[in-house]
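This briefing covers the secondary-structure packing of one protein model. Please look over the sequence and structure shown here before reading the points that follow.

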Amino acid sequence: MSERDAEAIRAAAKDRLPRLVREEFGETFRQIEQQREGKREFFALRDSNNTPLTIRVDSGPLPDNEFVRVYGNTSSDNHVILLSDQLDPRDIDGVLHASLYDLEDKKRRAERAEVEGLTAATGHNQGLGLGAASDIGRRSLLPERFHYAMPGHHPDGRRISRAELPTAAARAGTERDRVSRRTFEELRREAASLPDGEYPKRSVMIGGGAALAARDPDRLLIDGRGRWHVDPIQRIVQTADHMDHLRTTGMGDPYQFANPTERVPRPALQLWENEIAARGPVVDGLARLYFDDRNRLLADIRLPADPDGTRPSDGSDLVTVEVEGKPLIATGFQPELVPGVVRGVPTVPDATDKISDHLSAQSHPRAGEVAQSLAGIPAGEGSARSALDTLETAGVLPDLRASGDENVNNALTTLDATAHWDRTRELAPDRVLLGDQVGEGRFDAHATDHWLVVGMGGTGASAVEAILQENPDARVTILGGEPAFVLQNAVQFKELTERHGPDGDGRLSKVDGRLSSLDVVTGTDGRQRIRAEAVGPKRDDGTRQEKTVEAGAVVACLGRVPKAPPVLNEVLSQAPSKEAVEGRLMFDDNGQYLGYNLSVDMGGDRHELEVTGAASRLLPADVFSPEDSDRVIKVGVTTVPEEAANVPAGFMGTALQSVALEEHRAKGDGAGPTSGSSPGPTNPTPTDPLGEATEDSDSVHSDQQRSTLSTPTYVSAAQGMPTARPSSDEAVSGTEGNTRSEKKPSVPSFASAAQTSGAGQATASGSSGASAQEPPAHLRASTSGKDQGHGHRR
């Protein structure tokens, strides 16, 4: 489907929505008018309680037989109706009618749940063509080995209750531990039985999290159990309504453990992940990927160190496997940016490469010697200082600083900033942190009672919550601009400001500004303090106010490095040349983004690796072009809108992507990635694609040096296409984990692929009781291949 077709669907839907609201939903939605805020176009309405709300209409790629997703945000009342770009224009009215009914129903259930403490229904909102045929959602489209039950049930099929969740999550963790130990020992025994130089051969997945939604039980899973297994906050950012579409993946049911407007408890995610991980071989540990001298791709699997940091001296905590096929990498977010670096040259290796290239281009007599010395510097803290010392010793640093070359200047800026950050951390190791250290629980909240958090994105907000939660005496000052739009649509930040802001207990304050520098200083009392210099927002005359903030500790949350996942660093560094590494974006036939493929040519032996999940949302700039990055961002903005309080790299977005990847693989032979065209968003919002801070909030450098990124998001789906208006006395009743509509409009019945796959009894989408049947030809999602994309060679 071309962008022109998608735009035609959007335009037609925008044209028809106001009439439909007035004629069919006048009792629920009123005073509809089209408005614009920046690049965001939407309809402003009021509901029957005179509460303002917005609806934005868009069109984009959706799975086969899913004609619309409705992202209903009952917390912010900003909603999105995403129509499939495969939709026949003749069906727009019916799909919009279904979507509005879905929004009306969702708002009513959320209101009643808040008043009466009811649990929202599940299964009513799983997409046109996706009904209650199977509890495993679209996994029923996959081969039979993927048809394991949705997590969250007792062995006898009973649903785990909210009261049982903590015990159930712990029990699932214990079972995963058992399977992990068994898998590791089986690998060790097999390795011991093989000749020297031979290793057990396995297809592997490295990393887990929400990508486990379509966990292949035939793959060896290697996962360090990070993120939600170690995060200090008790509930994730999203509410059950925000996570509505997770159920279509078969990963879990958010309404089972939270009311519509309640944030989902963290143990629910632990339960889901641990149950699915234990469905096949798993080792809870770390992986090292590398090529051996025979160009085989090997993985060293190492168990975590003991709590005191020690390891067995006999090497019994390590086993090596030979990787069969394409390893699937789903290791989550990339590392964070250090304050002061240039985003185009974000790391020390990037900077030293730029400098080496410059010296070589200038035919400097010591170019080869300097490049070799720089390449030999060990990675990690202190590497920037070592690089600068190397350049100084070689006598080239003064000339580099005076060169005027933009690439060299940017590289030196990154080296200087990183060296300064390392020195600052050395002076105050427990009080100069990156956001992930807080998010992984690797911090002491009592190190000080006054914290400074730099950055107004999702990582920063969660750091604020963790600090205030863990230290009741702590105060937090946020340095940044306006919160990212996705945060404004989430409950977390609202709760923090209401509870701890000026109208709460006063423990949370905010300074509008952009970080310029960080230093450790000694106060008049002899204690070390962290001093942040910042510049405020632009004033009418174009100037900015300089600001100084001091605190006992700082947490920097300034975005993430656009690089390949760290587990691939060694593999990519072993490539004989930059030209030996090729990257290709992976899209399915409908234009859904699945991740990216890296191909490494090792002297005629070509190895392919697939990256999906959060790790695939920021492309490695040394492999892919800016146009590729823009393309991925645009698809994400369309399919996971910020209004839904989600980001594409988040839990639900990753789960949906994971299932889409395996669904695409199941359609063919899985031999390789396919690329397809995908329409861009109508309303891109300038934010980081991982939901981090907006452009003006926290970068140290000029607007020209800062990247403008946009956020991807996933959308909800209406239940059916009502042909009759539901009566006004429709009632919703509920019990824990299950509510139902007493009356539902009749709807045309669209059988999903899931309903015809033999995974369950075919029933109509919704509860009308009509039998499922094949949708009309003009409503079937096209399965024809899209334009093939390009591989990029760097």
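**Sheets and helix packing**

Four strands form an open sheet in the order β6-β14-β13-β12, with mixed pairing. Strands (E, at least two residues) and helices (H or I, at least four) are DSSP runs numbered from the N terminus, and two strands pair if DSSP finds at least two bridges between them. The model is predicted: local features need pLDDT of at least 70, side-chain atom pairs count only at pLDDT 80 or more, and totals for chains, interfaces and linings use all residues. Residues are numbered from 1 along each chain as its sequence is written, and side-chain values use heavy atoms, with hydrogens and water left out.

- β6 and β14 (residues 318-323) run parallel and are joined by two bridges; Arg202 has Val323 of β14 as its bridge partner.
- Helix α3 (residues 165-193) packs on this sheet and touches β6, β13 (297-302) and β14, its direction making about 75° with that of β14.
- Contact here means heavy atoms within 4.5 Å; angles run from 0 to 180 degrees between N-to-C directions, and axes are lines fitted to C-alpha atoms, for helices over the stretch in contact.

**Three-stranded sheet**

- A second open sheet has the order β20-β21-β22, with antiparallel pairing.
- Its edge strands, β20 (514-522) and β22 (544-551), each pair on one side only.
- The twist from one strand to the next averages 20°.
- Seven bridges connect β21 (residues 528-538) with β22 in antiparallel fashion, and Val535 is bridged to Glu546 of β22.
- α9 packs on this sheet, touching β20 and β21, and its direction makes about 40° with that of β20.

**Helix α9**

- α9 (residues 406-427) has 22 residues and should span 32 Å at 1.5 Å a residue, which agrees with the 32 Å between its end C-alpha atoms; the expected span is 1.5 Å times one less than the number of residues.
- Asp405 caps the N-terminal end of α9, with a side-chain oxygen 3.0 Å from the backbone nitrogen of Asn407.
- α5 (residues 348-361) packs against α9 at an angle of about 145°, with the axes 9 Å apart.
- Residues in this contact include Ile355 and His358 of α5 and Leu412 and Leu415 of α9.

Key
Polar contact = N/O pair within 3.5 Å; in protein donor to acceptor, adjacent residues only side chain to side chain.
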